[in-house]
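This briefing concerns the aromatic side chains of one protein structure.

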Amino acid sequence: MEFERINYYFQKFKYGEDISHTLMRKRVKEILLVSSFYDAFIFEEEGRLTEQIFGEYHQLNLTSVPRITSVPTAKDALNKVKENEYDLVITMMRVGEVSPFELGREVKKLKPDLPVLILLNVQSDLQLIDKSSEKMKFIDDVFLWNGDPKIFLAIIKYIEDKMNIEHDTGVGLVRVILLVEDSIYYYSRLLPELYNQVMLQTQRLISEELNPRQKNNRMRARPKILMAHTFEDTLDIFEKYKDYLICVLSDISFPRNGKAIDTAGVELVDYLRSNDYDQSIILQSTDKKWEKKAQELGVSFIHKSSLHMINEFVEHLKYDLGFGDFIFKNEKGEEITRVTSMSEFENKLREVPDKSLIYHGKRDHFSTWLMAHGEVQVTKKLRKLKVEDFENIEQLRNFLINTFQEVHYEKNKGKVVKFCPKNLLTRHEVISLAEGSLGGKGRGIAFLNALMSSMDFENRFEKLKVKIPHTCIIGTEEFDEFVKENEIVGKVNNNDMDDARIKKMFLKFSLSNDLKVKLSQYLDYVKAPVAVRSSGLLEDSLSQPFAGIYQTYMLPNNQKSKMDRQKYLEQAIKLVFASTFSGNARNYTRNINYRCEEEKMAVIIQKVVGTNIDGYYYPHISGVAQSYNFYPLASLKQEQGIASLALGLGHWIVNSRQSFKYCPRKPKKDFFPPDVLMDNSQKQFYAINMNNNNFDLIQGEQATFSTLDLEDAQEQGSLKNIASVWDIQDQRIRYNHSHQGIKVLNFARIVKFNKYPVSEIIRELLEIGEKAFGVPVEIEFAVNLSHEPQKDIFPTFYLLQIRPLSVHKRELTMNPDELNKEELFLYTKNGMGNGIESGISDIVFIENDKFDKTRTEDIKNEVNQINRRMQEDNRNYILIGPGRWGTRDRFLGVPVNWGDINQAKIIVETSFDGFSVDSSQGSHFFHNLIAANSGYLTVKHDSSSDFIDWDWLKSQPVIEKLDYCTHVRRKKPYQIKLFGKQGIAAVYK
């Protein structure tokens, strides 16, 4: 699928953004965004539609948000700049052959006054900015996006404030807040929070304003926020706007005369005081020793890791803004009732007297009030008509109601909408149960829902519909409030709690009353099993995916008492919250150089795909597919991708259990010979036990599961389209599942004979995902093959999740054939990863003769013990051992969690006579290893090319020798080369 085609549907998704912006003197109306389509979607979806964050677009003199033109490369951007007028250019770092710095230079040549900003989405790219200071003269500023949508509003508002401040301070006497900060990381966090507080204050006052005609004058009262990165810039701003400054928020250390000055903030305070500035000053620093100095100066002080300083000056921000209620009146002009929201407006239209409709209709009150609330599409329809155009008042009333419903559906199709019970019955909507970010998984689901709705993907294929399950998302603000209200961080940090105690503590506390009311209404409509999934702010993002770190709970949701159903739903939500503080999650967060408090948790509530058969609920097929195959078998190419299919719930695949693997682009190509396929075929599966209404979720994700045998599925009629039979006599697979023999789940009728277009759907979704995200992707899906037309049930492919795969490091230019294998102690053609590692001096390995598959828990403990010491010493190492690392089947390898091995930079799976298992590709564990930039290698003992020089390895200096594990270290680091495209890895002696 071509970029142009995706772009067409992406633009089609955007609804009503061609409305002119006429209510401000200077506004950012046209933005050129140079990025992947996925990033463009996230900025618009989470940035534009979340009312609490972006409410100003409807309440501060705007009828629509800025129009965003998205292009994937810098070359495309330059062509656009030549052809069109833009108010702002925002570019990501990786935008094709032309660098963002070169783009800035060329844009400035064409249009010197056009602002060009760089938006980073990977923290490590800050180093590139530091190293490129000479090129920065063509860039107006740089921001870092960590997944929080508020950054995009901050960027737009900041540019607009710079455009309008001279006029607005001179004419409107607006106030100014000055932020002095040179760290990209910190001002990218502070500036959005500053604007958020301003918007929240403005929104509170808007609700009190009843006179719409006064709104334009009062809108101009919003304070402007300016930034300075150096002492000199700070003084320039102060001298120009000192009469309007109400707050200066300053770092203590920032540049002066081109050099970093540790006391610059203190010197600034002295300067401000000496120039009769007596308004609020807040100093900040990462070093708390400056707190005493701030007290001496008579100014406030906060630690750099906290943003509480905003509350100290937010009381200065007082405005009179308002939209007002709609007041329904009778023919005498007397009030009947009033409404504050669009949903109330629609409901009241059904109830108010006929004469009230005539009164307001003749005076264009409906269209006037609706236009002020941004409902431009309704207004267009209404202003073309008069009351006299209708035969009777009932026809007018029905027209108004139908118009509302039509526009509501079109406007919200594919979008994230606020919770309303009636929305639970609509299609193509993701429903928000609480404000805040959608989190990583939530963003992926929202993006797919938007794109698929625009493409009419549901009916695109014969025999199989394509949908996203009914989805609600609890935004991160519920988590924030829960953690703050119950003082979670302090209790966890001060009491050194293990995971079990953390879970029990979370269950003791209560969710917000607002959320509990919404959950109760949700359960009135939804009585099928539901999945409660994590969606962390950092989870499944492009640079630091957290897949597999957090929890998902599947609930039967069939208890007789609604109170019991809500009890378990609330428990599952709180346990997902608790997983943010698990030892595994905290170790992972630290390992990717984030602070634990930076992570926030949204929660996804989805209907579980499946059918209730004899008290067990499960789908006919669960699957995971990747557009990039790290272990291409059977002469396949890495770019052709791979899919794993299984019967029952998808946890089976996630847990690295037996599943059927194939290439969706080459579905008829077998990975393994028939006898090997039979031996390794799925023998059991997971289902939700609908007969178990009393369970303990603290036991884990599988507390509601039952493990069933294929014989159970055969009796339940679930194998018809997915199973073949192993003919023992002829030693072959027969594709007719009615034959007698051992059932083999090879999904032949679907994969080989295309009874249902599953492979075609996977191919197209992976292609769309990879083009839209700009990187290879992974999807999770489930297929329900039930066909009951009388109940409106048809075979359906459900897309559950999509996330990016990070597969590209710096590519090596050396030809692997040039390697001198005499210089190597490890060589394999089955490697995952790309680049050079040259700072590792430690190896931890398990000798084959010491490995015991019945003692893998003991081996895990030894590995964890060594890993902890390596973490304390801040050392990385190479980890070598038999079987699957990270398996949850302890007989297939060592069942470590990420926290047990997070210091391992290179991880190696080995085998020996009598113990050889398939590589664990496809699991969430791999996803996190790649995110941590770890290489993952497989060295089979019976390979003709791959090898480990065990004798050499055993001769290295021993640091520690335990019952199973040996830790060796040498002074000179090893050189490790990973040739990603060829899948070759080499470690030098």
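In this predicted model, ring pairs join Phe 479, Phe 482, Phe 506, Phe 509, Phe 577 and Phe 581 into a cluster. Across the whole structure, the search finds 31 aromatic pairs.

**Pair Phe 143 and Tyr 187**

- The ring centres of Phe 143 and Tyr 187 are 5.5 Å apart and the planes meet at 85 degrees, so this pair is edge-to-face.
- Phe 143 belongs to strand 5 (residues 141–144) and Tyr 187 to helix 9 (residues 184–206), so the contact ties together parts that are 44 residues apart in sequence.
- Phe 143 is buried, because its relative accessible area is 0%, under the cut-off of 20%.
- Tyr 187 is likewise buried, with a relative accessible area of 2%.

**Pair Phe 479 and Phe 577**

- Phe 479 and Phe 577 form an edge-to-face aromatic pair, with 5.3 Å from centre to centre and 70 degrees between the planes.
- Because Phe 479 lies in helix 21 (residues 476–485) and Phe 577 in helix 25 (residues 562–579), the pair ties together parts that are 98 residues apart in sequence.
- Phe 479 counts as buried at 3% relative accessibility, and Phe 577 counts as buried at 0%.

**Charges over rings**

- The charged end of Arg 256 is placed over the ring of Phe 231, at 3.9 Å from the ring centre.
- Lys 465 lies over the face of Phe 794, and the distance to the ring centre is 5.7 Å.

Note on methods. Residues are numbered from 1 along each chain as its sequence is written. This is a predicted model: local features need pLDDT of at least 70, side-chain atom pairs count only at pLDDT 80 or more; totals for chains, interfaces and linings use all residues. Side-chain values use heavy atoms; hydrogens and water are left out. Rings of Phe, Tyr and Trp (its six-membered ring) pair if their centres lie within 6.5 Å; planes under 30 degrees apart count as stacked, over 60 as edge-to-face and the rest as tilted. Helices (H or I, at least four residues) and strands (E, at least two) are DSSP runs, numbered from the N terminus. Buried means under 20% relative accessible area, exposed over 50%, partly exposed in between (1.4 Å probe, protein chains only). A charge sits over a ring if NZ of Lys or CZ of Arg is within 6 Å of the ring centre and within 35 degrees of the ring normal.
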